[in-house]
Every structure is written in structure tokens, then in C-alpha cells.
Amino acid sequence: MTYREATDWGSRVLAQAGVADAKLDAWLLLETVCKINRTFYYSHLEEELAVEQQPEYEIAVRKRAERIPLQYITGEQEFMGLNFKVNSNVLVPRQDTEALVEEALKICQPDMKLLDLGTGSGCIIISLMKNAHGMEAVGSDISKQALLVAKENAKLHEVEVEWIRSNLYENINGRFDLIVSNPPYIPQADILDLMPEVRDFEPVGALDGGLDGLDFYRRIIAQSKDYLNKDGYLYLEIGYNQGPAVTNMMCAAGYREVSVVKDLARHERVVKGRI
């Protein structure tokens, strides 16, 4: 099988399986398996894959055809210009979440202490530490397996983060200048309607926000004042239609300067406030 034949075959298999970006995914899998770039590919279209590469590529394509997320097959995802290791124990970092990081970076200063609740792959807190210096960071998650991924990513990007296994604030001590979180916010009834890649393969505990999708916001906001310094900030990622509800919760809890920020797709994505 030549490089051209490989991508043509992969594209057909993935298209037949209903994968939206079949051609792109076929190429990305070939790139990962063969460790090549576009320049090499177009210069060697009619050359054959190495003997060991063809079966590896075929296996990768068939996994993707089963709707396993591309990132779980390649083992990585880009976020804020950085590559993060991912596996089925963590949500795949999404571009939407970059809005949360970008907003938080506007207020990050040296000597601030940060807490990331439900850190998953660690992409939020690691990106903050990579782009702003002199801060102290804590990342927590209820999942031991997720924390292993986060630790690997922190080592990869050479940032110092204290990792704590905790159900939200359960094992958290001290106070912080900024708390950030991308909590589970999908209403239970909506989970069955998600794309197969998300519904069937990403950790449901990182998706399920309870009956109305707001369970974790209630818990995070209600206890946050016990963990924030005076004038501290709370920044939360939200679902596209949750801005009013989360805004009301934060105002009722005594937060000031509460506002909603939209992402690049013009969807409401972040609610932020100051205590």
C-alpha cells in the first residue's frame, strides 16, 4: 500500500462509518503512524509504507471507524498552542475551553495562588502556568487516573503544579486568589444525544452535570468563598445556554463584577466574578 493508497483507503473506511472529517482523520492517523509531515507525504505519494506500518495504520483506521475519538488513538491533543497527552480517562481538551484560559490570563499576576477543580488532563492549569509566571498552582480531580495524565502533562511542559485527589473541595486546604473550573455540565437527558465519540468513549463522570446540568456549579459556587482570598476570582466554563443561571447563582452568593464571556463561536462560554 502506497501513501496515496493508504489515505484513500482510510478516507473511504471512515466516510462509510459516518466520520465527519474522514479525509482529514485518515491523514492524521497516517501522519501519526508513519511519523511524516505533509511535505514528505506529497513527495513520496507512490512509495509504499514500511512493512510494519501498514497493519498499524489499518488498526488505527478501524478504531476510528468504531468512533473512538481520534485523540485517544493518536494520544494527544493541541490546546493553547501546546500538545497534551490524553487517553480515555480524561476529556479531550476543546478549543472552547481556551476562552476560559484566555480570560483568566488577563488577571494572572506573580505570587497569585490558583486552584483548578476537576483538572482532567491538566490543560487549563498547565496552560495558565506556562503563559504566566511566578504563580503557585493546585490541580484537583476525583479520578486517580486523570491525575496521572495531568502529572505527565505537567512534566512534559515543565511546570510545577501540586496535584490533589479530591471530590471538589473535599481535600483542599488553604485559600486561593483564583479558582477555575470546567465542571461537568451536560444535563443527564442530553447525554444520549451526544456524538458517539463523546457519549460512548469520553468519561461520563466528566460530562454528567445532573438533571439540569447545574449540579456542580451549585456545589462549586456555594463553597467557593471558604477557599478564596478577599477580592479573589471565580472563573467557570459553562454550556452555551447556562449563562443566566450561573450568573444568578454567583450574584446570589455575593460575587460582584459578574459577567459572561463568549467564545470564538459567539456562544456564552465563561462566567466570571470577584468575591
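## Two residues with positive phi

In this predicted model, Leu-168 lies in the loop between E5 and E6, and its phi is positive, at about 55°, although the residue is not a glycine. Most residues other than glycine have a negative phi. Leu-168 counts as buried, because its relative accessibility is 9% and the cut-off for burial is under 20%.

Glu-158 is another residue other than glycine with a positive phi, near 55°. This residue belongs to the loop between helix H8 (144–157) and strand E5 (162–165). Glu-158 has a relative accessible area of 70% and is therefore classed as exposed, since the exposed class begins over 50%.

## Packing of H1 against H2

Two packed helices are described by the angle between their axes and the distance between the axes. For helix H1 (residues 3–16) and helix H2 (residues 22–34), the angle is about 130° and the axes are 8 Å apart, so that H1 and H2 are oblique to each other. The crossing that H1 and H2 form is right-handed.

On the H1 side, the contact is made by Tyr-3, Ala-6, Thr-7, Gly-10, Ser-11, Leu-14 and Ala-15, while H2 contributes Ala-22, Lys-23, Asp-25, Ala-26, Trp-27, Leu-30 and Cys-34. Sorted by class, the residues of this contact of H1 with H2 comprise nine nonpolar, three polar and two charged.

## Packing of H1 against H4

H1 also packs with H4, at an angle of about 20° and with the axes 9 Å apart, and because this angle falls under 35 degrees, H1 is roughly parallel to H4. H1 passes H4 in a crossing that is right-handed.

In this pairing, Tyr-3, Ala-6, Thr-7, Trp-9, Gly-10, Val-13 and Leu-14 of H1 meet Gln-53, Tyr-57, Glu-58, Val-61, Arg-62, Arg-64 and Ala-65 of H4. The contact of H1 with H4 has eight nonpolar residues, together with three polar and three charged ones.

Helix H4 (residues 53–65) also holds Pro-55, which is partly exposed, with a relative accessible area of 39%. Pro-55 and Cys-108 are 53 residues apart along the chain, and their C-alpha atoms are separated by 48 Å.

## The surroundings of Ser-181

Ser-181 has its place in strand E6 (residues 176–181), and with a relative accessible area of 1% this serine is buried. A polar atom of the Ser-181 side chain lies 3.0 Å from the backbone oxygen of Leu-117.

When residues up to four places away in sequence are not counted, Ser-181 touches Leu-100, Asp-116, Leu-117, Ile-220, Tyr-235, Leu-236 and Glu-237.

Gly-210 is found in the loop between helix H9 (196–201) and helix H10 (215–224), and because its relative accessibility is 6%, Gly-210 counts as buried.

Leaving aside residues up to four places away in sequence, Gly-210 touches Ile-186, Pro-187, Gln-188 and Asp-215. For one of these, Ile-186, the separation from Gly-210 is 24 residues in sequence and 7.4 Å in space, taken from C-alpha to C-alpha.

Note on methods:
Residues are numbered from 1 along each chain as its sequence is written. This is a predicted model: local features need pLDDT of at least 70, side-chain atom pairs count only at pLDDT 80 or more; totals for chains, interfaces and linings use all residues. Side-chain values use heavy atoms; hydrogens and water are left out. Helices (H or I, at least four residues) and strands (E, at least two) are DSSP runs, numbered from the N terminus. Buried means under 20% relative accessible area, exposed over 50%, partly exposed in between (1.4 Å probe, protein chains only). Contact means heavy atoms within 4.5 Å. A polar contact is a pair of N or O atoms within 3.5 Å; within protein, one must be able to donate a hydrogen and the other to accept it, and residues adjacent in sequence count only if both atoms are side-chain atoms. Axes are lines fitted to C-alpha atoms, for helices over the stretch in contact, and angles run from 0 to 180 degrees between N-to-C directions. Angles under 35 degrees count as roughly parallel, over 145 as roughly antiparallel, 65 to 115 as roughly perpendicular and the rest as oblique. A crossing is left-handed if the near helix is turned anticlockwise from the far one by less than a right angle, and right-handed if clockwise. Ala, Val, Leu, Ile, Met, Phe, Trp, Tyr, Cys and Pro count as nonpolar, Asp, Glu, Lys and Arg as charged, and the others, Gly among them, as polar.
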